[in-house]
Amino acid sequence: MKLWGGRFTKSTDSFTDHFHSSISFDQRLYQEDITGSIAHAAMLGKQGIIAKEDAELIQKTLKEILADMEAGKVTFDEKAEDIHMNIETILIERIGDVGKRLHTGRSRNDQVALDIRMYIKTEIKEIQSLLKNTMMVFNQIASENVETIMPGYTHLQRAQPITFAHHILAYVEMFKRDYERLTDTYKRTNCMPLGSGALASTTYPLDREFVAEQLGFDSITLNSMDGVSDRDFCIELVSTLSILMMHLSRFCEEIILWSSHEFRFIELDDAYSTGSSIMPQKKNPDMAELIRGKTGRVYGNLMGLFTMMKGLPLAYNKDMQEDKEAVFSAVDTIKMCLPVFTAMIETMTVHQQTMYHATKGGFTNATDAADWLVKNGVPFRDAHAIIGQLVLYCINHNTNLDDLTLQEYQAISPVFNETVYDAIRVEKCVAARNVKGGPSQEYIKKLIAVNDDYFKMI
């Protein structure tokens, strides 16, 4: 008979057992479930809710069960439905009636809420460790490319000269925010729900603060219905991971473009590329493409969680069993993608000269030519129109701003003099943008040092 089967007159259908069971995926919560049960048993004994010797025997046996599970000596039973009932069943098999006392003062509703919070807390720390390594690799690549001039783009059209360091440090800023969002998610997850019961707490004199302290929680939930029936912390985690995956995907898209023959800005290491079954010349950026593709998987998990929760009345509903696979999938995906992504970037070759030559085309110094006019007394709107005419002249004559003669400049505006040539050198265009947040080498070196200090703090 099921542990909950007292009011039933017959067994559930075998297909119902299969459909209802979650042990196939929630078994990964075994460590959290046992750790939570040990703390709960300790509290029951401390409070005199069960005999102290019973509490000690339960704790001892749970530790033995944990060791057996980690050694692969335990087989889970689908008929026991979930990880909670499987562990409790094993406990009762080993110590009899004493094991039946463990579930005093709690429900599977607050038990699973506890387990998933403990799991998410652990995974956030692991993901942050991976992300920190990614940021450090990016910062190191930036330090090696402070002088590497490349075109910056808007609308995927060459726009203004920057450096590769400036470009890659933009992603460090994004990753910093991802790291901080994970920290914020951790804070809201770090609230202990055990003691909420099924929805209305319990009549037993639980010491919830003791359990929270034993399990490393900063606080306890303050409403038992909320404690068991919301999964906003799960949604917040997967939302944060979705944003992180978006950032990975955006850079992967650039890697895919840059590694093409049309760009040739970078070349991926052979270890992070694949070939074609028919075309012998191919070197495909498949790792970047897979990360870009797997971003959709994480987005799907987020949408699944939102949809699952949007119509649920208080308090607990069985729909919420669907939370775990979405969270597990999102966590597994990000933990798979981050190391590959980081290694792929760390080992790629940057073609600095190709980037530099690309900057010389596409009139990336046009804005600087307009700024030169402004600094020589021309209103910006007039300067914009003058340089626009010059660009059109260059297009019609298959040349660029650097190669125009002074006479050609002055034919459109007499304000021009010889100093314009120095102002529109791409090196000068970059160095002159020495404002906080800009691409100048002076500022970028300072930002790299600021990032190094940041990594030491987190």
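The largest pocket in this predicted model has a lining of 21 residues, with Gly152, Tyr153, His167, Arg250 and Glu254 lying nearest its centre. It holds about 480 Å³ of space. Here is a friendly tour of that pocket, the nonpolar cores and the overall fold.

**The largest pocket**
- Sorted by class, twelve of the lining residues are nonpolar, five are polar and four are charged.

**The nonpolar cores**
- In the largest nonpolar core there are 109 residues, and Leu248, Phe341 and Ile345 have the most contacts inside it.
- Helix α10 gives this core its largest share, 14 residues.
- Leaving aside residues up to four places away in sequence, Ile345 touches Phe138, Ile141, Ile168, Phe251 and Ile255.
- Another core, of 21 residues, lies apart from the largest one; its members include Ala369, Leu404, Tyr409 and Val420.

**The overall fold**
- The secondary structure of the protein consists of 19 helices and six strands.
- The protein is more spread out than a compact globule, because its radius of gyration is 31 Å, well over the 23 Å that the globule rule gives for 458 residues.
- Along the principal axes, the C-alpha atoms fill a box of roughly 100 × 55 × 40 Å.
- Of the 458 residues in the protein, 50% are buried.
- Among contacts with a separation of 6 or more, 77% are between residues 24 or more positions apart.

How values were computed. Residues are numbered from 1 along each chain as its sequence is written. This is a predicted model: local features need pLDDT of at least 70, side-chain atom pairs count only at pLDDT 80 or more; totals for chains, interfaces and linings use all residues. Side-chain values use heavy atoms; hydrogens and water are left out. On a 1 Å grid over the protein atoms alone, a cavity is a set of points where a 1.4 Å probe fits but cannot get out, and a pocket is an open set with protein on both sides within 12 Å along at least five of seven lines; lining residues have an atom within 4 Å of a point. Grid points are joined across faces, edges and corners, and a volume is the space filled by probe spheres set on the points. Ala, Val, Leu, Ile, Met, Phe, Trp, Tyr, Cys and Pro count as nonpolar, Asp, Glu, Lys and Arg as charged, and the others, Gly among them, as polar. A nonpolar core is a set of buried Ala, Val, Leu, Ile, Met, Phe, Trp, Tyr and Cys residues joined through side-chain atoms within 4.5 Å. Buried means under 20% relative accessible area, exposed over 50%, partly exposed in between (1.4 Å probe, protein chains only). Helices (H or I, at least four residues) and strands (E, at least two) are DSSP runs, numbered from the N terminus. Contact means heavy atoms within 4.5 Å. The radius of gyration is taken over C-alpha atoms; the globule rule is 2.2 Å times the number of residues to the power 0.38.
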